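Hi,

Here's the structure I promised to send over. Have a look at it first, and then read on for what turned up.

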Amino acid sequence: MRLFYTSFVLCVLSACHMTTSTCDELLSSEDAEFCKGKLKAIYPDLVVDKCMIVPQRIREKISKEWGPPQVQLPSAGEVKKYTLLMVDPDAPSRQKPSRAYWRHWLLVDIKGEALQRGDVSAVELSAYTRPTPPQGTGLHRYQFLIFEQPEGQSLSLSPQENSSRGNWDPQAFVERFGLARPVASLQFLTQNHKD
């Protein structure tokens, strides 16, 4: 009984900065290792500063109430520009990702000095859409990736990319504009709040 109580208290105490939403839901090592570069996504009642599973009590808010998070990268170069991608590689489910890399948000020309403060006012190529995993599809990964933009590069979506958010190929986008590898990455996992 004492072990159960101790585990329960630890889960409650770490509610907003935890890697589990219940003591039974643990991140896989692959999911835990995705986060790099001290990136933060800040929602009204949730700070995502490491890979984590969104607590059950927050899932409805993140899917129905809250708008885009404040995104902060303290190590961003002041005079550099950055691109932010937010994708769901698990659409419509992790077991059958037939619409994989659903584009939830795409910002370009983010000024480094603003990104340091968490201000991502920038050119919006895809407006923010909330994480809304379908009921019964399990946990979805929502991934934020920050890329440094080459100087003088103008980024845009092709007409085909603009026609649908699903089945997007972020790797092709990254390669087309010479974005190299992400300077920071972050993800949270959540599922439909009714599950």
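A quick definition before the details: two strands count as paired if DSSP finds at least two bridges between them. Keep in mind that this is a predicted model.

By that rule, strand 5 (residues 81-88) and strand 6 are partners, running antiparallel with 7 bridges between them. Within that pair, L85 sits opposite L106 of strand 6. On to the next neighbour: strand 7 (residues 123-126) is also antiparallel to strand 6, through 3 bridges, and there L107 faces E124 of strand 7. Strand 6 itself (residues 102-111) is mostly covered, with 7 of its 10 residues buried.

- The peptide bond between A91 and P92 is cis, with omega about -5°; P92 is in the loop between strand 5 and strand 6.
- N167 isn't a glycine, yet its phi is positive at about 55°. You'll find N167 in the loop between helix 5 (159-163) and helix 6 (170-176), and it counts as partly exposed because its relative accessibility is 44%.
- A180, another non-glycine, has a positive phi near 60°. A180 belongs to the loop between helix 6 and strand 9 (184-190). With a relative accessible area of 60%, A180 is exposed, since the cut-off for that is over 50%.

Cheers

How values were computed. Residues are numbered from 1 along each chain as its sequence is written. This is a predicted model: local features need pLDDT of at least 70, side-chain atom pairs count only at pLDDT 80 or more; totals for chains, interfaces and linings use all residues. Side-chain values use heavy atoms; hydrogens and water are left out. Buried means under 20% relative accessible area, exposed over 50%, partly exposed in between (1.4 Å probe, protein chains only). Helices (H or I, at least four residues) and strands (E, at least two) are DSSP runs, numbered from the N terminus.
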